[in-house]
Each structure stands twice: as structure tokens, then as C-alpha cells.
Amino acid sequence: MHEHDSSHEVLTQAVLRYAVDRIRMDPPPLDGPRTAAELQAMAGRTVTPRGLGGLEALRVFSDVLSQATISADHPRFLSFVPAAPTEASILFDLVVGASSIYGGSWLEGGGAVHAENEALRYIADLAGMPPEAGGVFVSGGTAGNLSALIAARHRWRERAQGRHDRTRGLVISSKGAHSSIAAAARAMDADEITALADDQGRLRIDALRALIADLAPEDRDRVFAVVATSGTTNAGVIDPLEGAAQAAHELGVWFHVDGAYGAAGLAAPSVRDRYAGIDHADSFIVDPHKWLFAPYDCCALVYRDPLQARRAHTQHAEYLDVLHTDDEHEWNPSDFAHHLSRRARGLPFWFSLATYGTDAYREAVEATLTLTRAAARLVDDAAHLELIMEPELTVVLFRRTGWSPQQYQAWSDRLLAEGVAFVVPTSWKGETVLRICIVNPRTTIDDIHLLVDSLA
Ligand SMILES: *Cc1c(COP(=O)(O)O)cnc(C)c1O
């Protein structure tokens, strides 16, 4: 597999050049999707018995494949939740890739795990977690929610001392909860019931309490977690966490907060108080790959009592038991989620925090909030647009008066095809509307002007 030295050097330079050029593009081309048949025709066969050679494979990637992937860090990529990794985090992602770090155990990856834990501490402190809190970086919010709920169910069964070993568990969430909570319940063969939300999508505490009160005693016994959302994905609203924590506490069950998108707002003084009650969580997640400027894939999962989570997740095998010493300082990230081998995926985030400092994070998150408020004003002032609600975080939901779903889709397709912007329609109470989500500090008010004008 070793090419002779000069071609090896040429490939090294070419790949590094490509990466550096991509990092420096401001903005990168938006690009757009192609069908598999088109890609097949354009790229030809790429996996062959004798290999294409690195330069040719890189050419196929750069000329064909990369152009069929949308740049999530483009300042007018405003669909879903965009990405906006810092330069330091991207550069360090290259280092992590080059370093063959096994991030699952202290024995093998201690130095990396130490740094990841520093970054987790920053997040735990934002939420007001106690000093013993800790956790692990997993691939995304979906994996984080599942792992938190597995820990929650484990505690419920432990406390029941055998009575619930075969009982199907029950999770209470709300109508605004992310689809990954339902997916976790399905994967765990548990049930999920959802409490009603208010007309902006926030969990209603009165509805939560009524739902609990109406449960049959045997169902109330099955509840192992209450899940609240701090930043719903579609509307960016925060559930009343204090009330949800209180209800979970009275029921004696685990309280999990899904902050995959929105918990990053804890860094911003202007919205911080809306998260009151997150400090009561038994676990919470936030995705640095969403609104904390880290590359994919990176979700911080934090437990109030990591030892509890460790009992739920540790894998035992003859060849693994050497990793489990009694030294409490030996932190094995594998033990805190549903995984074993892992990339030290918190390191790019850590390097960026270490490089720029936490003040820069506060300012960057705050800047996106400020821009979102200005964007809402532009929308509100445009005669052809209607703001659906004042943004609580960085999602703006609005409608173009008089448009059919087909008109929204045609507008969205045209903008992407022209390389101008990526904004897909969403639905709100059954109606097709528009949604933009701003997490990129490079997005400016001019970008929003351009969108507003294109909708006239
Ligand atoms: C994005 C999101 C998730 C899922 O996170 P992934 O990283 O995409 O798996 C879960 N919950 C909320 C609230 C989200 O916004």
C-alpha cells in the first residue's frame, strides 16, 4: 500500500493543500445534491482492484463528490441546524485524525480524555452542574439522548430491586420533543407519552402534571424519565425546565434535558435565565457541532452522577477488564454511553476553546442571537412576510403571504440551484412555512436582506 516516496510526498501536499484551501474559502461554494445515477456517471468506478491512485481519487472527490455535498458552513445555509466550525477546531480535527487516538479508555487515551473532560467541564459549568458531574462526547444528539435514557432506565430498575426487571418502561416527553426521543424509546422497547405543549411548542407544566395524575398506578410505576427540551428544533423555544424538574422530582424519576441545539444559549447572558432549572437535570446534552462551532460529529453528554451512568453502560469482557481499575481518576469514556471504540471527538472543540477562550464563545453565541433579532425585525417589516413568533433563540419562523406549498418549494429549489442559499420549508401546525436557523457568526444582516428580497 506504500507508494514510492516522491508520489507519497506529492499526495501529502495535495491533500493538505485541498484541506487548507477549503478552510480558507470565504464563503465556500454552496453546492447541491445529485442523484446516485448522476454521480455514478460522473465519478465512474472508484473502488477497483488496483486502485485509482491518491491524486486521481482526490480529483474525483474534488471535481465530483464534494460538489454533491452542501456546505453546511455556508453563511446562507440556514436550514435544519447549520454548522459553523471555527478554524482552530477544523485544523485540530486534522490532528485528531492523524494521531490514531483510541478515545475509549484512560489507559490508551488519557491525555486526550483529560482535554475532553476540560471541555465537558466548561459545558457542565454553564448548566450549573455539581463538581462531580461528567460524561462523554458521543456522535450526536440522537446517541446522547439514547445513552442518557438507558442510564435513566437502569437507575429505575436498580431502585426497584428486581420488581421492574421485565417491566416495559415509560418516558414522558412533550409534543415539541425531538424525534430522537421517540427513536430512543423504540430502540429500548419502551413507551413514550407526550404532554401537551403551548401554542409555541413549549411543554405545558399543567398538562404534564395532569398527564401524570391521570396515569394508572401501574403505569406511573413504569415511568423512568421526564424529558424536556431546551431549544426545540423547529421553533427554538425552551420548555419551562424548573417546572419539569419539579414534576420529575415529585415522581422520583430521572430528569433529562435535550439541549442538542439550544443549550449552547447558556453561554449567552441575554437568554441565560430562560434555562433556569437545567441545573436540576440528571443528564443533559448539547451538540457542539450545532451552535458551539465544532465540526461534526460532536455531542456532549453530561450526567449529574456519572457513576450511576457507568453502572448502566460499562461493557465487561475478559479482554476489557484490564481497563477497569479502582482508580477513580481513570475515566474511561466508553463507560458512559452506548459505545466502545470511539474517536476523541471532543478534541477539536477543546482545542478551539483553549485557543480562543470562553469569552469568545459567549460573544459568538450572543452575536447570532443579536442577528436573529434583527432578522425577525426585517421579516416583520416586510409587507409580503409574516413573523409567526418572536424568536426565543436563533430560529425565525415566518410565512410568505399567499404562497402555496409548491411555491415555497420552488423558491427553495431555485435558491439552492443558483448557489444563493439553502433554506427549506418546514411545517407549523400543518401549514407550510419558512424557517431559518442562525448559528453561523459569519451570517450577516445582508444575507437576510437578500432572502427577504428574494421572497417578494
Ligand atoms: C438536532 C437535535 C437532536 C439530534 O441530534 P443529532 O446530533 O442530529 O443526532 C436531538 N434533539 C434536538 C432538540 C435537536 O435539535
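The model is predicted. Its largest pocket holds about 700 Å³ of space. The largest cavity has a volume of about 80 Å³.

**Largest pocket**
- The lining is made up of 24 residues, and Y18, R22, S71, D73 and I90 are the closest to the pocket centre.
- Helix α1 gives the most, with 4 residues.
- By class, the pocket lining has 15 nonpolar, 5 polar and 4 charged residues.
- Domain 1 (5-30 + 34-68) and domain 2 (93-356) both give residues to the lining, so the pocket lies between them.

**Cavities**
- The model has 3 cavities of 30 Å³ or more.
- Residues lining the largest cavity include Y102, G104, S105, Q315, H324 and D335.
- L320, L323, N332, S334, H339 and L340 also line the largest cavity.
- The lining of the largest cavity divides into 4 nonpolar, 7 polar and 1 charged residues.

**Helix α8**
- Helix α8 spans residues 205-214, and I205, A207, L208, L211 and I212 are buried in it.
- Seen down the axis of α8, these buried residues fall within an arc of 160 degrees, so they line one face of the helix.
- The face turned away from the buried side carries the exposed residues A213 and D214.
- The cover over the buried residues of α8 includes the strands β2 (170-174), β3 (191-195) and β4 (223-229).
- Helices α9 (217-220) and α10 (241-251) are also part of that cover.

Notes
Residues are numbered from 1 along each chain as its sequence is written. This is a predicted model: local features need pLDDT of at least 70, side-chain atom pairs count only at pLDDT 80 or more; totals for chains, interfaces and linings use all residues. Side-chain values use heavy atoms; hydrogens and water are left out. On a 1 Å grid over the protein atoms alone, a cavity is a set of points where a 1.4 Å probe fits but cannot get out, and a pocket is an open set with protein on both sides within 12 Å along at least five of seven lines; lining residues have an atom within 4 Å of a point. Grid points are joined across faces, edges and corners, and a volume is the space filled by probe spheres set on the points. Ala, Val, Leu, Ile, Met, Phe, Trp, Tyr, Cys and Pro count as nonpolar, Asp, Glu, Lys and Arg as charged, and the others, Gly among them, as polar. Buried means under 20% relative accessible area, exposed over 50%, partly exposed in between (1.4 Å probe, protein chains only). Helices (H or I, at least four residues) and strands (E, at least two) are DSSP runs, numbered from the N terminus. The arc is that of the directions from the helix axis to the C-beta atoms. Contact means heavy atoms within 4.5 Å. Domain bounds come from an automatic or database domain assignment.
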